[in-house]
Structures are given as structure tokens and as C-alpha cells.
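Work through the exercises below with the sequence and the model side by side. Try each task before reading its solution.

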Amino acid sequence: MTCEIDLAGVSSREQLHGLLREALALPEHYGNNLDALHDVLSEGAPRDIVFRNADQADGGMTAYIAALRRVFDDLPPSVTVRWEEGGSRFLRRARAMRESHERHYNCAQSVIAAFAEDAGMDAETACRVTANFGSGMKRASVCGAITGGLMALGLFGAEDPATVGEYYRRLRERHDGLFDCGDLLRLNRERGGDRSAHCDGMVYECVSLVEALLRETGRL
């Protein structure tokens, strides 16, 4: 029997684990965290799970859902998982770059290249421009995904204080006011998060945020 879990609108870890507990009939001792989820599913009966609309969860959950994906990637073959989501063309491009086994795209490249062609710039040029902006400008400074988002806004002429200020405001609310790569990674580590999932999550969050602002301001 296939278990379907709809992640649209999920806005907190508690809500997510509540959905998982109910949909997967997890035991009473389930610890409401990703390590506990891995342990329970690894030891349990075979399962067929479909996640829907992960790209429609609240933006603040992006990194955690990326970590959830990695948990399921590490489960035995008895647990089969499908992620069914449309997502915008920008998110699909960013996800393809982050999942590429042929080439590593840093966070800044993954964000700006997702928008480049729609703005009249070829993706390869965008990647060259942002080659030194990964890992916080290669010195743990401002997060590459955040920087790539600012560049993507600029490609569409969104440089006014109101739009840029709103971009910063939404990120500030979701990440305890932190913008630097080093600080964000430290906070993620203190919360027990996976580094790769965190970086993927920041990319997808910034892509979604840029798209939302461009649509809200009539630039898309």
C-alpha cells in the first residue's frame, strides 16, 4: 500500500513530524527528529511512500526538507520513496545543478544560473561571474545563495530599496538575522543539521524568494 504525504504549507518541524507520525503510523517512542525517523524506518516493514508538494512548504522549511530527502536516500531498498512536485522552472533548474554528478555548482552559481536565461544571459556566463562567490566569497562571508539571489534580482532590474529590503527582511526572519555563510553553518551544526542539506536548502529558498519577489513586483 502506498502512503501519500502532502507537504504543502508545512511551516514547522513539529508539524512535519506530526504528519510523518500519523501517515506512517510511527510508534509512540518516535523521537520527532530525522535520526529517529531513519532508525524507525530502517528497522520497520517495507514501505512505499510518495511525498507531494515539497516545494510548496514554507520557505523556512526548505533546508530541513532537503535534510529529509537525504534521510530517505540513505534508507534500505525496502523503503521506496517518490517525490512528486512540479515546482517552477527556476527551482527545477536549481535542483538539477545541485544534483549534478558531472560538475559542482556552488550556491551562488546555482541561484543565478536558474534565472539567467530568462533575463537574457546564458547560464555558463552566469556561472563564470559567480565562480568565486561560493562558500561565502570563499571566506565564510555572505552566503553564496543569498549573494546569488541579489544578483538574480539585479538581472531583472530589481535594485530598488523596497525590493532588496524585503529580500533581506524575509531571510532575516527565517535565519535568526544571520547572513554570513560561517554563521549560518554554525547555527545549522548546533541544531544537528547536515551541511549539504543546509546548503541545498539555502539555494532552493533563495530561488523561491527571488521568484516570489519578481512576480510580486511584476517583473516576471
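A salt bridge is a side-chain nitrogen of Lys or Arg within 4 Å of a carboxyl oxygen of Asp or Glu. The model is predicted, so local features need pLDDT of at least 70 and side-chain atom pairs count only at pLDDT 80 or more, while totals for chains, interfaces and linings use all residues. Residues are numbered from 1 along each chain as its sequence is written, and side-chain values use heavy atoms, with hydrogens and water left out.

**Exercise 1.** Find which residues are linked with Glu 4 in a network of salt bridges, and describe the pair Glu 84 and Arg 52.

*Solution.*
Step 1. The network joins Glu 4, Asp 48, Arg 52, Arg 82 and Glu 84. A search of the whole structure gives 21 salt bridges.
Step 2. Between the side chains of Glu 84 and Arg 52, the N to O distance is 2.2 Å.
Step 3. This pair links distant parts of the chain: Glu 84 belongs to strand 3 (residues 79-84) and Arg 52 to strand 2 (residues 47-52), 32 residues apart. Strands (E, at least two residues) and helices (H or I, at least four) are DSSP runs, numbered from the N terminus.
Step 4. Buried means under 20% relative accessible area, exposed over 50%, and partly exposed in between (1.4 Å probe, protein chains only). Glu 84, at 33%, is partly exposed, and Arg 52, at 26%, is partly exposed as well.

**Exercise 2.** Describe the salt bridges Arg 170 to Glu 166 and Glu 211 to Arg 215. Are Arg 170 and Glu 166 buried or exposed?

*Solution.*
Step 1. Arg 170 and Glu 166 meet at 2.6 Å, N to O. They are separated by about one helical turn because they stand 4 residues apart in helix 9 (residues 161-174). Both Arg 170 and Glu 166 are buried.
Step 2. For Glu 211 and Arg 215 the N to O distance is 3.0 Å. Both lie in helix 11 (residues 195-216), 4 residues apart.
Step 3. Glu 211 is buried, with a relative accessible area of 11%, whereas Arg 215 is partly exposed at 42%.
Step 4. An α-helix has 3.6 residues a turn, so residues three or four places apart point the same way.

**Exercise 3.** Which residues of helix 10 (residues 181-190) are buried, and which exposed residues does the opposite face carry?

*Solution.*
Step 1. The buried residues are Cys 181, Leu 184, Leu 185, Leu 187 and Asn 188.
Step 2. The face turned away from the buried side carries the exposed residues Arg 189 and Glu 190.
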